[in-house]
Amino acid sequence: MNIFLHFRSCSRDYGGIMSALGSDSWWKKTLYITGGALLAAAAYLLHELLAIRKEQELDSKDAIILHQFSRPKNGVPSLSPFCLKIETYLRMVDLPYQNYFDGKLSPQGKMPWIEYNHQQASGSEFIVDFLEEMLGVNLNINLTPQERAVSRAVTKMVEEHLYWTIAYCQWVDNLEETQKLLAMSGPLSDTLKWLLSHLNSSMVRREMYGHGIGRFSKEEVYALMEKDMRTLATLLGDKKYFMGSKMSTLDATVFGHLAQAMWTLPGTRPEQLIKGELINLAMFCERMRRRFWPEWFVEVEDLYFDGDTESSSGGVSPTALLDFGLFSRTDTLEDSDASSQLAEHIHTHTHSPDSDHSLFDSDVGTGSDNDIQLKEEFIPDLEV
């Protein structure tokens with residue numbers, strides 16, 4: 001008798017459950033969510049399996065393999081300041097490399113990371129140290145001890161402080177716009193982009209809180225960012241590079257971070273600053289882009305901020321990057337039509353506070369012995 005009553009009770013419970021599942025709206029939502037999650041998981045696992053298969057085919061003997069995130073959709077090489085820093089550095093020291101967009105982190109959980117002769121290095125500072133030791137390259141060789149000390153201090157300000165404010169602008173305050181830049185294709189691309197962007201946003205929030213900068217308000221975070229950018233603008237002045245006429249690792253570091261403000265955050269406070277009041281930083285970014293990223297196309301109108309958010313945010317061409325398998329340093333494109341138009345525009349309304357020269361004119365083509373030597377070194381040599 002007790003067994004019979006228990007069976008009837010279970011039957012009523014089962015019937016209630018099935019009745020609830022019979023609700024079209026509830027059942028469809030559950031099906032969509034569960035199915036979408038399973039498909040997303042399957043796509044991710046397939047991606048990982050393909051990455052593992054490709055990794056087995058890699059041979060880093062006498063070749064630099066650069067692991068980094070995939071190119072975004074707007075033509076900017078990377079949404080990661082550190083990935084852009086290292087790839088720019090490799091171009092600055094004229095080391096051919098092979099890009100590998102597998103999305104796999106290093107054993108230390110870092111991105112980017114490199115392999116060379118079956119050895120690995122991760123973390124941008126250690127990558128630079130590794131390449132200097134293994135291949136004898138050194139962008140800072142001509143710096144004085146005092147300049148090296150300043151370079152390291154500014155590098156730490158950029159990578160340990162400014163970085164977090166830019167990341168906040170990208171992945172917290174402008175998450176939806178950044179999400180659109182993620183390069184994914186296929187039927188689940190929107191779902192995967194949403195998942196990855198929100199996971200990254202949560203991680204940024206958590207790490208910013210642990211760092212301490214994430215405990216401040218939005219206005220305070222942007223105030224800190226502005227102070228850092230103004231410091232960089234003052235340090236640069238109307239010099240060609242941050243250490244004067246000499247290129248250094250610091251230039252790759254600053255470029256990797258400021259490029260995010262220049263070309264990935266339309267209409268935001270960092271873009272308004274760099275393309276408006278702190279125009280010398282924009283000119284520095286443009287010099288670096290033209291010299292080391294000739295395949296990265298940018299409209300002239302996108303290099304300054306005129307107060308019109310719509311006009312200033314739509315200038316980046318969606319043209320995809322020419323993704324060279326191997327890259328070797330290229331000459332500067334100072335004589336391009338875009339450069340002439342930009343110089344003419346900037347010269348009409350922007351002058352250095354320390355001289356009567358246009359910031360563009362005073363920073364490019366000074367005719368110094370160092371410039372002549374650099375031009376002789378930078379012979380076009382693209383290997384595909």
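Q: Hi! Let's start with α8 and α11: are they roughly parallel or roughly perpendicular to each other?
A: Hi! In this predicted model, α8 and α11 are roughly perpendicular to each other. Helix α8 covers residues 218-236 and helix α11 covers residues 279-292; they pack at an angle of about 75 degrees. An angle from 65 to 115 degrees counts as roughly perpendicular.

Q: And how far apart are the axes of α8 and α11?
A: Their axes are 9 Å apart.

Q: Which residues make the contact?
A: From α8 you have M229, L232, A233 and L236, and from α11 you have N280, L281 and F284.

Q: What does that contact of α8 with α11 look like by class?
A: Six of its residues are nonpolar and one is polar, with no charged residues.

Q: You mentioned M262. Is M262 buried or exposed?
A: M262, which sits in helix α9, is buried, because its relative accessible area is 1% and buried means under 20%.

Q: How far is M262 from E286?
A: Along the sequence, M262 and E286 are 24 residues apart, while in space their C-alpha atoms are 9.3 Å apart.

Q: Let me zoom out. How many helices and strands does the protein chain have?
A: The protein chain has 15 helices and four strands.

Q: And what share of its residues count as buried?
A: Of the 384 residues, 46% count as buried. As for contacts with a separation of 6 or more, 75% of them are between residues 24 or more positions apart.

Q: Back to single residues. Where is T165, and is T165 buried or exposed?
A: T165 lies in helix α5, residues 145-173. T165 has a relative accessible area of 0%, so T165 is buried.

Q: What does T165 touch?
A: Leaving out residues up to four places away in sequence, T165 touches I213, V221, L224 and M225. A polar atom of the T165 side chain also lies 2.7 Å from the backbone oxygen of L162.

Q: Changing topic: how many disulfides are there?
A: Zero, from a search of the whole structure. A disulfide is a covalent bond between the sulfur atoms of two cysteines.

Q: Are C83 and C169 buried or exposed?
A: C83 is buried, with a relative accessible area of 0%. C169 counts as buried too, at 0% relative accessibility.

Q: Now the backbone. Which residues does a cis peptide bond join?
A: M111 and P112, with omega at about 10 degrees. P112 is in the loop between β2 (97-100) and β3 (113-116).

Q: What about D94, what is its phi near?
A: Phi of D94 is near 60 degrees, a positive value in a residue other than glycine. D94 is in the loop between α3 (81-92) and β2, and D94 counts as partly exposed at 29% relative accessibility.

Q: Last one: where is N117?
A: N117 is in the loop between β3 and β4 (119-122). Its phi is near 50 degrees, again positive in a residue other than glycine. N117 is partly exposed, with a relative accessible area of 26%.

Technical notes: Residues numbered from 1 in each chain as written. Predicted model: local features only at pLDDT ≥ 70, side-chain atom pairs only at ≥ 80, totals over all residues. Heavy atoms only, no water. Disulfide = S-S within 2.5 Å. Buried < 20%, exposed > 50% of the residue type's maximum accessible area, 1.4 Å probe, protein only. Helix = DSSP H or I, 4+ residues; strand = E, 2+ residues; numbered from the N terminus. Polar contact = N/O pair within 3.5 Å; in protein donor to acceptor, adjacent residues only side chain to side chain. Contact = heavy atoms within 4.5 Å. Axes fitted to C-alpha atoms, helices over the stretch in contact; angles between N-to-C directions. Parallel < 35°, antiparallel > 145°, perpendicular 65-115°, else oblique. Nonpolar A, V, L, I, M, F, W, Y, C, P; charged D, E, K, R; others polar.
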